[in-house]
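Me: I would like to go through the strand pairings and helix packing of this model, one point at a time. Please define terms as they come up.

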Amino acid sequence: MAPSTPSTPSGAKDRAASGSPAPTVAPPGSYTLEDVVPGVKIFVLKPLPNGQDEHRRAEILSTRAKPPPSAFAPKPPPGAPPPDPRDDTEYYVHYVEFNKRLDEWVGGSRLITDKEMEWPKAKDEGKKKDKAGKATPGQSTPTKKGSPMPSGSLLRKAATKAAAQALKGTPSGKDIPMGPPSSLKRKAKAEPGQDDEDAEGEEDDVDGDVTMSVADSEADAEGEIDLTAPSNPQAAPPVFSKKQEIEKLRTSGSMTQSHSEISRVKNLNKLQIGQSEVETWYFSPYPAEYAHLPMLYICEFCLLYYPTLTQLKRHRTKCTLLHPPGNEIYRHDNISFFEIDGRRQRTWCRNLCLISKCFLDHKTLYYDVDPFMYYCMTFKDEYGCHLIGYFSKEKESPEGYNVACILTLPQHQRKGYGRLLIEFSYELSKREGKLGSPEKPLSDLGLLGYRAYWQEKIVELLLDSEDEISLDEIAQKTAITHGDIMHTCQALQMIKYYKGQHIIHLTDAVLEQHNKTLGKTRRSINPGALRWKPPVFSRAQLAFGF
């Protein structure tokens, strides 16, 4: 541990009195672990799979006292060294220039204090106040008669006013209907070009609205979220749209964007699903008593979760399920697809969403399963049908989406199963006689998977076509929407202007990539093995929660 020399924060008090700004970088030995607060960037010891250690620069996103060991956690073996007192405080770190899914809780003993530490930059309040067109809280800005107000401003003002009245407890002159909380909605549609994942991505799957204090609603009307504590933490805060929040989470890599950041940090370390141990990537709303376990054990057939291996083994002696609880609609080789109605199998589908939320940072709330059909891909052996991945699909999608959420479990990724899930979703769209597109936003891995599939199908169709083919004909033969086709062709620079019209031109780079793809051994869907008719739902079956 670094010597306890006069630290930067204590020296900052004198500088604050004199008006000089605090330094941006603290030299080695000038700070202690007590000075490490959220927002600083410090080097962290990261163990590697090969047994070596690496010093990585990381941003501190949150701190907490070391939680007491769970009653289900295994006891330390006899003769184990005593715990390091520096680990009494844990730090949630985001490794700079690394993906957000690698964020983790670390003990104080892993922080390297003999290297420099970067202090967080002070917020420039002057620029924020001088922004053109920004009204100060509590004052109204006159507008030109007939000029439209942005809908976001109206919603924000209404939510702020209603919340202020609720806090004061006094009725206002005009009632503002708030309606029931939208806890069952999936995330707002993100701007075009955003990524999904794991197939997946994602994963789409986004949760409900985030809460913030009334003061923050007013001060941060332009989307900048203040991290200061709310003045009245006991009061119930209103909700606000997450459109800017989604953008910030995707572009900054930092998860401390709102007062609900406690729900944005990982609460589980590892899952054991069957014979595979998988490190989680994101937060998942499992029960709080399971949050600090070294491992959560999951039955790979019924997806129930247990804190200890003993409880899982006891459950396996009683569990009779050997495949997902739905209709098998496809079987070819050892790959099968099962169709599951979220309304009929709520518990199983909710457990599936809890697992997928560990790997999709934009997953829907796990209990909102009634409006969806789930299509689960499995491989069969002598023990049963083991889950590989799945995609969900709205029973009635006004936008015409054929996938709401798609995921390949991490232990089965990079084996071609993600492409198989995507191909199967489009095969269902062909049976329905519709064009399909995945719900946006896609996760990073999902976007890559879909782009590769769209490119392969479009280039394959163009090479097999001897005559001229139109954009509409490509869409009808592949079930890919016109927008996705244009997006793919533009990304590959295949759109050319020739003799007064736009044409699709196959470049040498595209052909070379296509030949490499054909050289790989890949699985594909056999349309003849699909036994499925589009389900028809009555009006009563589509009335969810009303």
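Reply: A crossing is left-handed if the near helix is turned anticlockwise from the far one by less than a right angle, and right-handed if clockwise. Helices (H or I, at least four residues) and strands (E, at least two) are DSSP runs numbered from the N terminus. The model is predicted: local features need pLDDT of at least 70, side-chain atom pairs count only at pLDDT 80 or more, and totals for chains, interfaces and linings use all residues. Residues are numbered from 1 along each chain as its sequence is written, and side-chain values use heavy atoms, with hydrogens and water left out.

Me: Which hand does the crossing of H9 and H10 have?
Reply: The axes of helix H9 (residues 444-464) and helix H10 (residues 471-478) come within 11 Å and cross at roughly 115 degrees. Axes are lines fitted to C-alpha atoms, for helices over the stretch in contact, and angles run from 0 to 180 degrees between N-to-C directions. The crossing of H9 and H10 is right-handed.

Me: Which residues of H10 make the contact with H9?
Reply: Contact means heavy atoms within 4.5 Å. H9 contributes Lys457, Ile458, Leu461 and Leu462. From H10 come Ile474, Lys477 and Thr478.

Me: Which strands stand at the edges of the open sheet of five strands?
Reply: Two strands pair if DSSP finds at least two bridges between them. The order is S14-S15-S16-S17-S19, with antiparallel pairing. One side of each edge strand is left without a neighbour in the sheet, because each has a single partner strand: these are S14 (327-332) and S19 (405-408).

Me: Which residue in S17 stands opposite Lys380?
Reply: S16 (residues 372-381) and S17 (residues 384-394) pair in the antiparallel sense over 10 bridges. Opposite Lys380 stands Cys385.

Me: Which helix packs on this sheet?
Reply: The helix touches S14, S15 (335-341), S16, S17 and S19. Its direction makes about 50 degrees with that of S17. It is H8 (residues 417-432).

Me: What is the bridge partner of Val93 in S5?
Reply: S4 pairs in the antiparallel sense with S3 (residues 53-65) over seven bridges, and Glu59 stands opposite His94 in S4. S4 and S5 (residues 104-107) also pair in the antiparallel sense, over four bridges. In S5, the partner of Val93 is Glu104.
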